[in-house]
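Here is a set of exercises to work through with the model open beside you. Try each task before you read its solution.

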Amino acid sequence: MARSIITALEAALGALVVTEPDAMEPFSTDESTLGRHPPDVVVRPTTPEEIRIVLRLAAEHRVPVTPRGAGTGKSGGALPVRGGVLLSTDRMQKIYEVDEANRIAVVEPGVITGTLQARVEEEGLFYPPDPASLDSCSLGGNVAENAGGPRAYRYGVTREYVLGLEVALLGGDRLVLGRRSPKGVSGYDLTALVVGSEGTLAVIDRITLRLLPRPRAAVAAVASFGELGDASRAVVEMGRSGLLPSALELLDGVCVDHIREGSAYRFPEGAKGVLLVELDGDPERLEIDLIRCAEACEASGAMDVRLATDELQRRRLWEARRMVSEALKAAHRHKSSDDIAVPVGEMHRTVAEIAQIGERHELLAAVFGHAGDGNLHVSWLCDDEDPRLAARRSARARLELVHHVLGVGGTLSGEHGIGLRMRKYMVLEHPPQELQMMRAIKKLWDPLDLLNPGKLLPEPY
Ligand SMILES: Cc1cc2nc3c(=O)[nH]c(=O)nc-3n(C[C@H](O)[C@H](O)[C@H](O)COP(=O)(O)OP(=O)(O)OC[C@H]3O[C@@H](n4cnc5c(N)ncnc54)[C@H](O)[C@@H]3O)c2cc1C
C-alpha cells in the first residue's frame, strides 16, 4: 500500500491513526478463527466527520477500507483480507438520546449492545435483539450483520428495530436514511438494504433504533429429551399450540456436557437434547403458558421438564447458554462453526444429518441455537494435532451440510453473515440473476470495490 495515504491520514487525523505493529495486532483477527490478516494502518475515528475523511482519502489513494466494530464477528467480515485501512468504530460509544415518549434511541455505532439494553431499561423500555455476545459486540456490527439472538423468535432480528441510519460512502459522501416514525413506506427501503450489508456498501455512523415497552415479567423452563430429534419436534408442537415463547433454544448433549462444570445452573444428566423455553409478558398469564409449553414438550417425548420461575435460576440459565461457544472452543484443539437456518419442520432431519456428517468426517459435531427460528449453530470439533487435517475435514463436512440445508429450503447463515467464510457457497444458494443484481447494487454504492472487498459476494465481480 502506498505510504502516501498514511501520511495523508496522519496529517488529517493525527493520533487517531495507528501504525505501530503491536497496537495494530488486535485488529488482525476476529472471532471467526479464519486466520490473521494484518491491516496496513488502523484508524479509530471519534466522529462521523472523521469517518468521512478516511473514506475520502481511501478513494483518492485507491486503498481498501475494512470497517470494524468490536471484532466479535464469526464469519470474518471485519478481517482486512486485502490489507489497507482498518476503520474501527470502537471509540464511538455515545448514546445521543433515549426518547421515552417516542420509544427511540439514537446511538453511535461503537456502543456495546448490552450497554444500550441496560440504559433503556432504566426508562422502562426494551431493546430486544440479544446476540449471545451482547456484552462485547457493538450496535454498528449488529446492524451490519443483522444480528439475531434467542429473543428473535418472538421479537425479530436487528432489522426490525432499525428506523434510520446515517452512513458514509466511499469517497466521503454522507447519506441520511430512514425516519423516526414507527411506520413508513416511502420509496425503496435503503435503510433495510444497509442492514445486513456487512460493511460492503457504507460505513454506519449513527443509528436510530425503535424500542418497546419493557415486559413486566419473565419465566423459563428447561426440558430434557432422550433424543435430539424429539426436542426439535417439540418446537413444532409448541408452534401448533399457538404458544409464542420469547426464546426457544436448543442445546445438544455435547454442548450441555461442555458447560455442565462451569455453569451455576444444574442441568439434568443424560439428556441428548435440551430445550430452554422463556416466556415474557404479563405475570398473570405467564405461568399458565409455561405449563402449556411444558405439556407440549412432554407430548413430544421430554423425559423431564423443570420450571425456572425465580429470577436467579433464570439468570443462571442464560449465563450458561451464553457460555456454550467459548466452552467448546476451550475444550478442543480445532473448532470450526456454521450458522445455518432451516424451516423448523426440517430441524429433526437436519440434526440427524449433522450427526452423520460428523461421523463420516471423524469430527465431533456439537449443535445449539435458536430452535424457534430453525437457526442452528454447528461446531465441528477436532483434536488432531495437524491443523490442515482438521481444516480439510471441516471443509468437507461444511459442504455436505450446505447441500443438505439448501435442499430442505434453508439458508447459509441465520445471523452470523456470509463474510469470508461462506462467500464461496453463495453461488449454491442464489441464482445467477440474483447475484448479478447484488453485484450491480455493490457497484452503485462502491464503484471502486474498495469497501470491505473480498467479502459477501463471490468472485467474479
Ligand atoms: C461468543 C459469541 C456469541 C455470538 N452470538 C451471536 C448471536 O447470538 N447472534 C448473532 O447474530 N451473532 C452472534 N455472534 C457474532 C457477532 O457477535 C455478531 O455478528 C455481531 O453483530 C458482530 O458485532 P461486532 O461489533 O463485533 O462487529 P465486527 O465483528 O467488528 O464486524 C462484523 C461486520 O460488520 C461490519 N461493520 C462493523 N461495524 C460497522 C459499521 N459501523 N459500518 C459498517 N459495517 C460495519 C464489519 O465490516 C464486518 O463485516 C457471536 C459471537 C461470539 C464471539
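**Exercise 1. How are α1 and α3 oriented to each other, roughly parallel or roughly antiparallel?**

Step 1: Find helix α1 (residues 3–13) and helix α3 (residues 48–61), whose axes come within 10 Å and cross at roughly 155°. Helices are DSSP runs of H or I with at least four residues, strands are runs of E with at least two, and both are numbered from the N terminus. Axes are lines fitted to C-alpha atoms, for helices over the stretch in contact, and angles run from 0 to 180 degrees between N-to-C directions.

Step 2: Apply the angle classes: under 35 degrees is roughly parallel, over 145 roughly antiparallel, 65 to 115 roughly perpendicular, and the rest oblique. α1 and α3 are therefore roughly antiparallel to each other.

Before you go on, two notes on the model. It is predicted, so local features need pLDDT of at least 70 and side-chain atom pairs count only at pLDDT 80 or more, whereas totals for chains, interfaces and linings use all residues. Residues are numbered from 1 along each chain as its sequence is written.

**Exercise 2. Compare how α8 packs on α10 and on α12.**

Step 1: Take helix α8 (residues 228–240) with helix α10 (residues 283–299): the axes are 8 Å apart, and the angle is about 135°. That makes α8 oblique to α10.

Step 2: Now take α8 with helix α12 (residues 347–360), where the axes are 8 Å apart and the angle is about 155°. α8 and α12 are therefore roughly antiparallel to each other.

Step 3: Check the handedness of each pair. α8 and α10 cross in a right-handed way, and α8 passes α12 in a right-handed crossing.

**Exercise 3. Which domains does the assignment give, and which supply at least three residues each to the shell around the ligand?**

Step 1: List the domains. The assignment gives domain 1 (3–88), domain 2 (95–213), domain 3 (215–331) and domain 4 (332–418); such bounds come from an automatic or database assignment.

Step 2: The centres of domain 1 and domain 3, taken over C-alpha atoms, are separated by 41 Å.

Step 3: Turn to the ligand. 38 residues surround the ligand, and the closest are G69, G73, G77, G141 and G199; a residue is near a molecule or strand if its C-beta atom, placed from the backbone, lies within 6 Å of it. Domain 1 and domain 2 each give at least three residues to this shell.

Step 4: Look at elements and classes. At least two shell residues come from each of β3 (65–68), α5 (139–145), β10 (203–210) and α11 (311–331), and α5 gives the most, with 5 residues. The shell holds 11 nonpolar, 19 polar and 8 charged residues, where Ala, Val, Leu, Ile, Met, Phe, Trp, Tyr, Cys and Pro count as nonpolar, Asp, Glu, Lys and Arg as charged, and the others, Gly among them, as polar.

**Exercise 4. Is G77 buried or exposed, and is E385 buried or exposed?**

Step 1: Recall the cut-offs: buried means 20 or more other C-beta atoms within 10 Å of a residue's own, exposed means 12 or fewer, and partly exposed lies in between, with C-beta atoms placed from the backbone.

Step 2: Find G77 in the loop between β3 and β4. With 29 other C-beta atoms within 10 Å, G77 is buried. G77 and S32 are 45 residues apart in sequence, yet 8.6 Å apart in space, C-alpha to C-alpha.

Step 3: Stay in the loop between β3 and β4 (85–88) for A70. A70 has 25 C-beta neighbours inside 10 Å, so A70 counts as buried.

Step 4: Move to E385, in the loop between β18 (375–382) and α13 (387–407). E385 counts as exposed because it has 9 C-beta neighbours inside 10 Å.

Definitions and conventions: A crossing is left-handed if the near helix is turned anticlockwise from the far one by less than a right angle, and right-handed if clockwise.
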